[in-house]
Amino acid sequence: MGRSVVLIILSLFLCLGARAQQDTIAVQVDTLDRPADIGSGLPFFAKGHGAPVDTLDVGDGRIQIVLKDDNTWYFIKNVSALAESDLFTECWREHIVNPYVNTPLDSIPYRVTVCLVDSVSRFVCPHKGKVFSKFGLRRGRRHTGCDVPYPTGTPVYCAFDGRVRLAERHKGYGNLVIVRHENGLETFYGHLSRIDVAVGQWVHAGDLLGLGGSTGRSSGPHLHFETRLQGHAFDPEWIVDFENGTLRKNVFVLKRSYLSPYNKYVPDSIDEEEEIYMTDEQIRAEEERIAKERAAMKYHTIRSGDTLSGIAVRYGTTVSKICSLNSGLKPTTILSIGRKIRVK
Ligand SMILES: [Zn+2]
């Protein structure tokens with residue numbers, strides 16, 4: 001009797017173990033070196049066959065280390081812990097392209113450090129190629145991603161580890177896959193001819209998401225690739241060098257201003273270490289400076305009869321200064337009534 005209870009408990013344990021194994025992502029294998037000061041006569045681990053013998057939590061339990069009986073170890077991501085985190089539960093909508101519509105730009109911290117790769121997370125370029133249509137304004141419309149030529153049927157790879165949030169056809173995008181990543185970003189893969197993943201699926205960097213194509217509003221086979229932070233798109237070329245298929249940075253300091261469609265950010269080729277390691281005082285000083293700058297900003301709503309020179313006189317400034325504060329505004333621009341322009 002006692003023996004069968006033990007057997008039942010043991011088999012239950014094994015079942016749960018097998019399940020946990022399926023729910024996790026193996027990432028990296030490394031070897032635990034035997035410390036030099038351990039004498040050769042002392043018993044250490046008996047070399048086994050690579051069977052997992054223990055799992056250790058690291059940090060908040062989202063990453064675990066599995067120790068094996070052959071003195072090696074590997075990292076796994078604890079997917080069940082990740083699934084419960086805010087990142088993968090808040091604004092998680094499976095049929096809405098941008099579920100962050102109620103997240104205005106102002107609510108994003110003015111500076112977010114995005115860890116793109118580390119010892120357990122890698123990057124794989126979705127496809128190498130020369131970007132032929134860049135992020136930004138294109139024929140008067142905002143192009144929220146960049147386009148890479150893509151022969152129909154070519155595999156599209158996932159850029160970072162994450163979970164598929166959307167995988168279906170959407171008007172302009174055609175067949176679209178959106179993956180949310182642990183680094184807080186979402187990546188978009190549009191115009192696919194075939195989708196090979198399902199919503200909710202956990203994926204690795206380098207996993208096949210589908211095949212390139214020309215579905216949706218597309219003038220020929222290409223991949224439309226987007227990077228977004230809480231629904232706000234920024235230029236993927238700031239972080240990805242598509243021609244070489246590499247990341248430009250390991251850590252990306254994303255300032256809120258970069259998310260504005262009119263930003264003028266130009267990326268450096270090296271990580272902005274100073275920015276990453278700013279002290280609390282420096283961050284506070286920077287926040288205060290920005291708050292002061294925002295408080296000093298003044299706007300004017302155009303009324304009938306307004307002219308730029310009249311507005312400049314009224315606010316004690318010049319036409320050229322006003323133009324420099326408003327992207328696209330020229331001294332000759334016809335002012336439409338109701339338009340809000342920045343004057344200071
Ligand atoms: Zn595009």
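Me: How do you know that β16 and β17 pair, and in which sense?
Reply: DSSP has to find at least two bridges between two strands before they pair. β16 and β17 (residues 232-234) have three bridges and run antiparallel, so they pair by that rule. Strands themselves are DSSP runs of E with at least two residues, and helices are runs of H or I with at least four, numbered from the N terminus.
This is a predicted model, where local features need pLDDT of at least 70 and side-chain atom pairs count only at pLDDT 80 or more, while totals for chains, interfaces and linings use all residues. Residues are numbered from 1 along each chain as its sequence is written.

Me: Why is I302 called partly exposed?
Reply: Let's count C-beta atoms, placed from the backbone, within 10 Å of a residue's own: 20 or more others make it buried, 12 or fewer exposed, and anything in between partly exposed. I302 has 16 such neighbours, so it is partly exposed. I302 sits in the loop between β21 (299-301) and α6 (308-314).

Me: What makes β16 mostly covered?
Reply: Eight of its eight residues are buried. H222, H224, E226 and R228 point one way, and L223, F225, T227 and L229 the other.
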